[in-house]
Amino acid sequence: MGIIESWMKRPRNSEEHLAELFVPGAETRLLERAQQLDERGDHLDATQLLRAGTVRFYPWNEGEAALDRYERSRARASLASLQDAVDSRYSAADAANLSAALNRLGDSSGATSWAHAAIEEDPCNPEGYLAIARGFLRRFRREDDSVAGLHALRYLSKACQLDPGHGECLRALAMLLLLLAAPVAASKVLRPITRVSPSDPIVLALDALTKILPPENTTNVQELFLRWETGSAPTNDETTRQMIPAPGEFDVWEIDATRSLVACSDGADQGQQMTESLSVLTGSLYQATPRMGLGEFSRFTARGPGGVLIGLAESGSMIVSHCNRRSLESSLGRWLESDRGRETIR
Amino acid sequence: MNRLLEKLNEIPGVLGSMVMTDDGIPVASRLSEGIDEECVAAFSSTARLAVNRTAMHCSGEEPEEVILEAEGGNLLLVNLDGATLAVMTHAGLELNTGLLEIRSLARRLSGILEIRIS
């Protein structure tokens, strides 16, 4: 290998040094480095470094407090010019920036209305969605509030969909995925940034976390949220799975309180994707209705050209059944509410 | 759109309604006081996505409507081609009677969304 090639293969000094700030026990050094950057006027770099640090060393109260200080002081310093910008040449980006600053200063109603104004002004501009998502992401990180995490995900997905190469959107989405212990998904999201900027702090945080976090075995983000909340994954042991006797036109599955498929009818799909869908379905529905103020989930019915799908709650578990013929909906409902003859087999 | 949502809310038993994008971003809402719009949008979208995915595995087709029943009320989710209509109702409401009216208003909402997109 020639001198030039070997030199090019070596990481640059700054990259080497930055990576050292993400090794275990480097919290204080990272904090000092952020302070240095901030003191010499590199406020954005200081903030990005601290944001990545709070993900790498999560939960890290000292880092969170420092990040909070930096973000607030940046917001305070820029507030007047942001307000001027909104007054003089109103644009979605200006409204979104003002929203972000207000959010940092604790004016959440002002922040929300400016973010919605940004979305209304230009629904295809990702900035408004990103401004809302950042506030939720912060709450998710600091308060372990899963609802805030879910909100952040919705707005970040929308922002990334509108501008797939938007660096800040990708960084924020990767942060969320890393907090959900999903390094594989985060690495995919960060690929465009990793290519052009391998020393980006969030890329370095990802590299450090990849060494600690086992790769996730699901691509379903709803499943990641459920695992984060419950602290466990469904087991889905095929060897102990039992059979539910059911009329030939019905496919039936039983999912237990751990969201694992424990029984199904003959011929019902037991593939990995179907099993994961049923786990997510059970977890999501049990979670959704109380949080919307509707109380405990009891039943769902889905109708469409593909037939009818009914799910019935049973003390923490769920019985799900599908029939291709919509005309059989009443019979399927009646059969599900009967004892289904399961006990004779199990 | 808001007028149609208000009309929907006049159906006996309906507590509130909203239109949201398929990814759960609220577009217009007429929900009762005390109901968090963001929360309804987020969890409706999560529930709908989970039901849709399972239905797709069963039949390869997405459902047109999903009804969630719970102790304290029901939630109807109707597909509007690229958006979703969410309607909250009282618990134990006889869904078949109000459903026809809700479906008809959903078709009109779908028409409005089509005009906006084109």
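**Entry 1**

I started with strand β1 (residues 14-21) of chain B and found it joined to strand β2 (residues 26-30) of chain B by four bridges, with the two running antiparallel. I am working from a predicted model here. Picking out one bridge, I noted that B:Met20 has B:Pro26 as its partner in β2(B). I then looked at the turn: four residues lie between the strands of this hairpin, and B:Gly24 has a positive phi near 85°.

**Entry 2: chain B as a whole**

Read from the N terminus, their order is α-β-β-α-β-β-β-α.

How does the radius of gyration of chain B sit with a compact globule? I found 13 Å for chain B, and since a compact globule of 118 residues would come out near 13 Å, the two agree. Along the principal axes, the C-alpha atoms take up a box of roughly 40 × 35 × 25 Å. I also checked burial, and 44% of the 118 residues in chain B are buried. For contacts in chain B between residues at least 6 apart in sequence, I noted that 46% link residues at least 24 apart.

**Entry 3: where chain A meets chain B**

I turned to the contact between the chains, to which chain A gives 39 residues and chain B gives 36 residues. Which elements of chain A supply at least two residues each to its side? I wrote down α9 (146-162), α14 (272-291), β4 (297-304) and β5 (307-314). The largest share is that of α14(A), with eleven residues. By residue type, this side of chain A has 15 nonpolar, 16 polar and eight charged residues.

One partner I noted is B:Ala70 in β3(B), which is bridged to A:Phe297.

**Entry 4: the two domains of chain A**

Last, I looked up the domain assignment of chain A, which gives domain 1 (3-228) and domain 2 (238-345). Taken over C-alpha atoms, the centres of these domains of chain A are 39 Å apart. Their contact takes six residues from domain 1 and six residues from domain 2. On the domain 1 side, helix α13 (residues 221-230) of chain A has the largest share, three residues. I sorted that side by type too, and it divides into two nonpolar, three polar and one charged.

How values were computed. Residues are numbered from 1 along each chain as its sequence is written. Chains are lettered from A and ligands numbered from 1 in the order in which they are written. This is a predicted model: local features need pLDDT of at least 70, side-chain atom pairs count only at pLDDT 80 or more; totals for chains, interfaces and linings use all residues. Two residues are in contact if their C-beta atoms, placed from the backbone, lie within 7 Å. Ala, Val, Leu, Ile, Met, Phe, Trp, Tyr, Cys and Pro count as nonpolar, Asp, Glu, Lys and Arg as charged, and the others, Gly among them, as polar. Two strands pair if DSSP finds at least two bridges between them. The radius of gyration is taken over C-alpha atoms; the globule rule is 2.2 Å times the number of residues to the power 0.38. A residue is buried if 20 or more other C-beta atoms lie within 10 Å of its own, exposed if 12 or fewer, and partly exposed in between; C-beta atoms are placed from the backbone. Domain bounds come from an automatic or database domain assignment.
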